[in-house]
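Biologist: Can you walk me through this one? I would like the overall layout before any details.

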Amino acid sequence: MSKASYFIRKATKQDAAFIWQLIWRVGINPLGLDWRRFVVAVHEHGVRIGCAQVKSHKDGSLELASVAVVPLYRHQGVAETMIREILKDHNPPIYLTCRGSLVSFYERFGFSELFELETMPAYFRRVKRVFTWLEKRKWVERLAVMVWNGE
Ligand SMILES: CC(C)(COP(=O)(O)OP(=O)(O)OC[C@H]1O[C@@H](n2cnc3c(N)ncnc32)[C@H](O)[C@@H]1OP(=O)(O)O)[C@@H](O)C(=O)NCCC(=O)NCCS
């Protein structure tokens, strides 16, 4: 398959259904999917192929979230391009949560894993506590909390 040619743009209201469907299809957190915070990746043929957002939490922290790419277009740098675009437009720190297997993927952008609850904003502390409880029962894969402090 040849490499996809695509561009990244801010989402519009017309992207809301695409975002919602893609997030449900890939099975990641379906809460807080306001299109206003999203960017979408668009194939040169006009088809939408990925999305990502920055969420803000009540504790003031920012979260890189909802990073998802349509299966047919994966492994071609679409997620990487969306993430680099988002980091260019935001000031650190930016946090994220991901499965343990994706830690090395996010390290390439300068994210590093946090291990101590005290170093996490309140929202991430709560999520980490819940997942630690679930992990101990082997109900979920390990959840990592990571932070980007700028490069
Ligand atoms: C994770 C995801 C966004 C990556 O999108 P992508 O456009 O294929 O990513 P890129 O092409 O920029 O980078 C690919 C690299 O990411 C890493 N990667 C992708 N999926 C991975 C996975 N499931 N486990 C571990 N590493 C993974 C690999 O290093 C991969 O390198 P490779 O192409 O040489 O194999 C995509 O697989 C996806 O939508 N997954 C389902 C939703 C999801 O899990 N999102 C992340 C939430 S934290």
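**Layout, ligand and packing**

Modeller: This is a predicted model. Starting at the N terminus, the order of elements in the chain is β-α-β-β-β-α-β-α-β-α-β.

Biologist: How many helices and strands is that?

Modeller: The chain has 4 helices and 7 strands.

Biologist: What radius of gyration does the chain have, and what would a compact globule have?

Modeller: The chain has 15 Å, and a compact globule of 151 residues would have a radius of gyration near 15 Å, so the two agree. Along the principal axes, the C-alpha atoms fill a box of roughly 45 × 35 × 30 Å.

Biologist: What share of the residues is buried?

Modeller: Of the 151 residues in the chain, 30% are buried.

Biologist: And the contacts, how many of them join residues at least 24 apart?

Modeller: That figure is 63%, counted among contacts between residues at least 6 apart in sequence.

Biologist: Changing topic. Which residues are closest to the ligand?

Modeller: The closest are Arg74, His75, Ala79, Glu80 and Cys98, out of 16 residues that surround the ligand.

Biologist: Which elements supply at least two residues of that shell?

Modeller: Strand 4, residues 62–69, and helix 2, residues 78–88, each do.

Biologist: How does the shell divide into nonpolar, polar and charged?

Modeller: The shell around the ligand has 10 nonpolar residues, 4 polar and 2 charged.

Biologist: Now helix 1. Which of its residues are buried?

Modeller: Helix 1 covers residues 16–26, and its buried residues are Phe18, Ile19, Leu22 and Ile23. Seen down the helix axis, these buried residues fall within an arc of 125°, so they line one face of helix 1.

Biologist: Why would residues a few places apart point the same way?

Modeller: An α-helix has 3.6 residues a turn, so residues three or four places apart point the same way.

Biologist: Which residues are exposed on the other side of helix 1?

Modeller: Ala17, Gln21, Trp24 and Arg25 are exposed there.

Biologist: And what do the buried ones pack against?

Modeller: The buried residues of helix 1 pack against strand 2, strand 3 and strand 4. After helix 1 comes Gly27, with a positive phi near 75°.

Biologist: Let's take strand 2, then. Is Phe38 buried or exposed?

Modeller: Phe38 is in strand 2, residues 38–43. It counts as buried because it has 23 C-beta neighbours inside 10 Å, where 20 or more are needed.

Biologist: What does Phe38 touch?

Modeller: Leaving out residues up to four places away in sequence, Phe38 touches Ala11, Asp15, Ile19, Cys51, Ala52 and Gln53. Ile19 is also one of the buried residues of helix 1.

Biologist: And Val39, buried or exposed?

Modeller: Val39 is in strand 2 as well, and it counts as buried because 21 C-beta neighbours lie inside 10 Å. Setting aside residues up to four places away in sequence, its contacts include Ile8, Ala11, Cys51, Met82 and Ile86.

Biologist: How far apart are Val39 and Leu22?

Modeller: They are 13 Å apart, C-alpha to C-alpha, and 17 residues apart in sequence.

Biologist: Last one, helix 4. What is its span from first C-alpha to last?

Modeller: Helix 4, residues 122–136, has 15 residues and reaches 21 Å, close to the 21 Å expected at 1.5 Å a residue. Lys138 follows helix 4, and its phi is positive, near 60°.

Technical notes:
Residues are numbered from 1 along each chain as its sequence is written. This is a predicted model: local features need pLDDT of at least 70, side-chain atom pairs count only at pLDDT 80 or more; totals for chains, interfaces and linings use all residues. A residue is near a molecule or strand if its C-beta atom, placed from the backbone, lies within 6 Å of it. Ala, Val, Leu, Ile, Met, Phe, Trp, Tyr, Cys and Pro count as nonpolar, Asp, Glu, Lys and Arg as charged, and the others, Gly among them, as polar. The radius of gyration is taken over C-alpha atoms; the globule rule is 2.2 Å times the number of residues to the power 0.38. A residue is buried if 20 or more other C-beta atoms lie within 10 Å of its own, exposed if 12 or fewer, and partly exposed in between; C-beta atoms are placed from the backbone. Two residues are in contact if their C-beta atoms, placed from the backbone, lie within 7 Å. The expected span of a helix is 1.5 Å times one less than its number of residues. The arc is that of the directions from the helix axis to the C-beta atoms.
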